[in-house]
Amino acid sequence: MPKAKTSAAETAAAEEDFALHSLQATLDADKRYTPSKEELLHFYEQMLLIRRFEEKAGQLYGLGLIGGFCHLYIGQEAVAVGLQSALDNDKDSVITGYRDHGHMLAYGIDPKVIMAELTGREAGISKGKGGSMHMFSVEHRFYGGHGIVGAQVSLGAGLAFAHKYREDGGVAMAYFGDGAANQGQVYESFNMAALWKLPIIFVIENNGYAMGTAVKRGSAETHFHRRGTSFRIPGMSVNGMDVLEVRKSAEVALEYVRAGNGPVLMELNTYRYRGHSMSDPAKYRSREEVQEVREKRDPIEHAKTELLALGVTEEALKEIDKRVRAQVAESADFAENSPEPNAPELYTDVLVESY
């Protein structure tokens, strides 16, 4: 029996389906970045710095030196380190939500000014007025640190529009979580970014629980990398606990976006070891679940195993940990000994200009 002819509509649909899955196919064909020993050591040290910094932040919060909300990044280190290691720090921009300390550290920003900001000190990167959730560094093209769930996605689209308007070759990277992925402004931003082919990478850090509700209980579509399909935005699902897979996925996404093809949606499947914030006891999951992830999927231990296989000694890795702990202790001492902002500082940086 002769094979039925494929209609033009079926052909177009098949081509569209291929386009939407082509980046996943590219990643799956070569999933992991091949670093030099020095690069992997750098990734390891950056992730370890984030881990130790966040542990110290948790201690300072318990002592009452950090007030308000404090959302720790423990467990998710490979996402920020892997993605931001692929960016061009001279032209690309980054924006994220309120779980932002790790991203800033991955960008190479001084831990002392981050810790000073956490403790509300004048020497903080936002002059002590932003705290944990609202850190900025225009110098590093890091635009927050945003407390409104999902708001950074629309602002990220604005950053991408600025890159395109100025023709500066930059790409915006907008991070948000699985909970924020259900916000309406996210899809308005997807539509606009796709329509105008804005140079932006949307990054969903899927840690499985949003504020405290398991993904399967709060989202009809739990494969978040598919969320851009109706806007013709290609997606990728990435193991966010493997810094080398994260780095490789970033290269695939950046090549696509820099070529003028418009946005990409990345789902980084990761896990946070602590609750949503320091005030969250995380009773919605078992200790056994968390411990299993620590034992089998921890990004830092994974990188450590690979470094040992490359011939790096246990002693050398212990020296890195010792150096990182000293750096974090120094940042805490710096923060505790820095003065609080003067009262008139409350009125600065409210408006771009004076009126």
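I began with H5, where Pro111, Val113, Ile114, Met115, Ala116, Glu117 and Leu118 are buried. I call a residue buried under 20% relative accessible area, exposed over 50%, and partly exposed in between, with a 1.4 Å probe and protein chains only. Helices (H or I, at least four residues) and strands (E, at least two) are DSSP runs, numbered from the N terminus.

The model is predicted: local features need pLDDT of at least 70, side-chain atom pairs count only at pLDDT 80 or more, and totals for chains, interfaces and linings use all residues. I number residues from 1 along each chain as its sequence is written, and side-chain values use heavy atoms, with hydrogens and water left out.

**Entry 1: H5 and its ends**

H5 is mostly covered, with 7 of its 8 residues buried. I looked up the partners of those buried residues. They pack against helix H2 (37-62), helix H4 (101-106) and helix H12 (314-336). Contact here means heavy atoms within 4.5 Å.

Aspartate 110 caps the N-terminal end of H5. One of its side-chain oxygens lies 3.0 Å from the backbone nitrogen of lysine 112. I count a polar contact as a pair of N or O atoms within 3.5 Å; within protein, one must be able to donate a hydrogen and the other to accept it, and residues adjacent in sequence count only if both atoms are side-chain atoms. After H5 comes glycine 120, with a positive phi near 70°.

**Entry 2: the loop from H5 to H6**

Serine 132 sits in the loop between helix H5 (111-118) and helix H6 (151-166). Serine 132 is buried, at 4% relative accessible area. Its side chain makes a polar contact with the side chain of histidine 101, at 2.7 Å. Leaving out residues up to four places away in sequence, I find serine 132 touching Phe69, Cys70, His71, Tyr98, Asp100, His101 and Leu118.

Glycine 145 lies in the loop between H5 and H6 as well. A cis peptide bond joins glycine 144 to glycine 145, with omega about 15°.

**Entry 3: the loop from H8 to E4**

Threonine 229 is in the loop between helix H8 (215-218) and strand E4 (235-239). Threonine 229 is partly exposed, with a relative accessible area of 40%. A polar atom of its side chain lies 2.7 Å from the backbone oxygen of arginine 226. Threonine 229 and histidine 21 are 208 residues apart in sequence, yet 9.5 Å apart in space, C-alpha to C-alpha.

Arginine 232 is also in the loop between H8 and E4. Arginine 232 is exposed, at 64% relative accessible area. Its phi is positive, near 60°, and the residue is not a glycine. Most residues other than glycine have a negative phi, and most peptide bonds are trans.

**Entry 4: pockets and cavity**

I used a 1 Å grid over the protein atoms alone. A cavity is a set of points where a 1.4 Å probe fits but cannot get out; a pocket is an open set with protein on both sides within 12 Å along at least five of seven lines; lining residues have an atom within 4 Å of a point. Points are joined across faces, edges and corners, and a volume is the space filled by probe spheres set on them.

The largest pocket holds about 420 Å³. Its lining has 14 residues, with Ile125, Ser126, Phe136, Val138 and Asp349 nearest the centre. Aspartate 349 falls in the segment after H12. Aspartate 349 is exposed, at 56% relative accessibility, and has a positive phi of about 60°.

The second largest pocket has a volume of about 360 Å³. It is lined by 24 residues, and Tyr98, Phe176, Gly177, Ala180 and His276 lie nearest its centre. Strand E2 (residues 172-177) gives the most to this lining, 3 residues.

I count 1 cavity of 30 Å³ or more. The largest cavity has about 40 Å³ of space. Helix H9 (243-261) and helix H11 (299-309) each give two or more residues to its lining. H11 has the largest share, 4 residues.

**Entry 5: the whole chain**

The protein chain has 12 helices and 5 strands. Its radius of gyration, taken over C-alpha atoms, is 21 Å, close to the 20 Å that the globule rule gives for 355 residues, so the chain is as compact as a globular protein of that length. The rule is 2.2 Å times the number of residues to the power 0.38. Buried residues make up 49% of the 355.
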